[in-house]
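Visitor: Hi! Could you walk me through this structure before I start working with it?
Guide: Happy to. Here it is.

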Amino acid sequence: MFQHIKEIIHQGDESGNGMTVRFRLPSGLEIIGLPTKNFYGEDWDLGPTWNYAVLADKPFLVDTGRYGQGGKLVGMMDSAGIKPEDLGFVLISHSHEDHDGGLGELINRTQLKVKAHAIYDLIIRKYPKSAPPGYKENFPAKCWRCMMPEEFSTKNCLAYHKVLRGLTVDKIPDGVQELSTNIQTYHLPGHSPDCLAVRIGDEAILVGDIILPEITSIPTCESSYDEVSEVIKDAYSKPEEIFGLLRYIRSLKKLGEIAERTPNILVLPGHRLYYKNQWNEMELAGRISELLKHHIDRCDAILEILKPGPKTAEEIAREHFEGRLLKGYGKFMAENEVISHCELLIKSKDLVTSDGDKYVATGSTNFEKDIEAL
Ligand SMILES: [Zn+2]
Ligand SMILES: [Zn+2]
């Protein structure tokens, strides 16, 4: 289907940076793909952030690229014939900086209204009394866990934080919500607590980072709830409602229901739609099965690594991931991956903890049928 409906307006580079592409759906509705440059490189490279202008009856934009890309995005829209005044609002797919970083520049230039999930509105604010003591006191709650050094944040993030603090957000509630005629948002947390997918009738679904081609999006740890519990506990009292791998898998299964009803739906992800000179079209049901298998295999691998005896998340990560993936920022991502899988294995009673931070295999493998039963 992909071949027939896409028209390249501007060819970008080999990763898709600077590309502008029009998708013309069978109903005639158009979605313009507007990928903007990202920051991360090397082995954890996500490729550009794919922002989309949905030219529905009431046109809107989804995502803004990372910090510093808002102006570029306005220019790209302009070259595709989209005027900001034609757009009703910008919807943020989730709170990661590569998706909302361009907001400041964008709303300065366009006065667009901002819509996002209700959790987004909570975690972009500052709470000096609940924040980790020290230089992060005035950081938005979503940035409390950031592992970048103080020097980096002070240099790169303060202006971004200021934009978030002053932002007026039209809050989208949980579940399935009508955004406009025949267009719905789905709250599908797991990769981040505020992830939204946007379904355009039976024709297309914008999935943000919930599912990506080529790469697996990193799930949150359920324990991350504790870091922001003061901020969200009134609205969400249970961590598993919005955080962790199990919650992520439940979100995948919800997408699976959509795939069952509309097997040919066009899937537009937040990264890697085009990469290394190649289009990566996803078949929704097939990609979900691959991802479920990936997480089951990873749980299996962790249990295997623990067979000889107890290990910490760091030790498991060192055994499971190749050295090149453990450099710098990668070490944090790898440990996060391990912890989210261990949390699931603990719930299935396949693991227990000992000595505080070590994991011990119990010898059972209940996790697979627990995942199936979700
Ligand atoms: Zn993300
Ligand atoms: Zn992203």
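Guide: A term to begin with: the expected span of a helix is 1.5 Å times one less than its number of residues. Helices (H or I, at least four residues) and strands (E, at least two) are DSSP runs, numbered from the N terminus. This is a predicted model, where local features need pLDDT of at least 70, side-chain atom pairs count only at pLDDT 80 or more, and totals for chains, interfaces and linings use all residues. Residues are numbered from 1 along each chain as its sequence is written, while chains are lettered from A and ligands numbered from 1 in the order in which they are written.

Visitor: Good. How far does helix 9 reach from its first C-alpha to its last?
Guide: Helix 9 covers residues 245-261, which is 17 residues, and reaches 25 Å, close to the 24 Å expected.

Visitor: And which residues in helix 9 are buried?
Guide: They are L245, L246, R247, Y248, I249, S251, L252, L255, I258 and A259. Buried here stands for 20 or more other C-beta atoms within 10 Å of a residue's own, exposed for 12 or fewer, and partly exposed for anything in between, with C-beta atoms placed from the backbone.

Visitor: What do they pack against?
Guide: The buried residues of helix 9 pack against strand 11 (196-200), strand 12, helix 10 (284-305), helix 12 and helix 13 (367-373). Contact is counted when two C-beta atoms, placed from the backbone, lie within 7 Å.

Visitor: How many residues does the largest nonpolar core have?
Guide: That core has 99 residues, and Y52, A197, V198, I205, L255 and L268 have the most contacts inside it. Helix 9 gives the largest share, 8 residues. The core lies between domain 1 (2-282) and domain 2 (294-373), because both give residues to it. By definition, such a core is a set of buried Ala, Val, Leu, Ile, Met, Phe, Trp, Tyr and Cys residues joined through C-beta atoms within 7 Å.

Visitor: Where do those domain bounds come from?
Guide: From an automatic or database domain assignment. The centres of domain 1 and domain 2, taken over C-alpha atoms, are separated by 28 Å. Their contact takes 14 residues from domain 1 and 17 residues from domain 2.

Visitor: Back to strand 12. Is strand 12 enclosed or in the open?
Guide: Strand 12 (204-208) has 5 of its 5 residues buried, so it is largely enclosed by the rest of the structure. A204, L206 and G208 point one way, and I205 and V207 point the other way.

Visitor: Which way do the strands joined to strand 12 run?
Guide: Strand 11 and strand 12 are antiparallel, joined by 3 bridges, whereas strand 12 and strand 13 (residues 266-269) are parallel, joined by 4 bridges. Pairing requires DSSP to find at least two bridges between two strands. I200 has A204 as its bridge partner, and I205 has V267 in strand 13. Strand 11 and strand 12 also form a hairpin with 3 residues between them, where G201 in the turn has a positive phi of about 55°.

Visitor: What else does I205 contact?
Guide: Leaving aside neighbours within four places in sequence, I205 is in contact with A197, V198, R199, I200, I258, I265 and V267.

Visitor: Which residues other than glycine have a positive phi?
Guide: E214 is one of them, with phi near 70°, and K349 is another, near 65°. E214 is in the loop between strand 12 and helix 8 (224-232) and is partly exposed, with 15 other C-beta atoms within 10 Å. K349 is in the loop between helix 12 (329-347) and strand 17 and is exposed, with 12 such atoms.

Visitor: Last one: what order do the strands take in the open sheet of 3 strands?
Guide: The order is 16-18-17, with antiparallel pairing. Strand 16 (311-312) and strand 17 (351-354) are the edge strands. Strand 17 pairs with strand 18 (residues 358-361) over 4 bridges, and L351 has A361 as its bridge partner.
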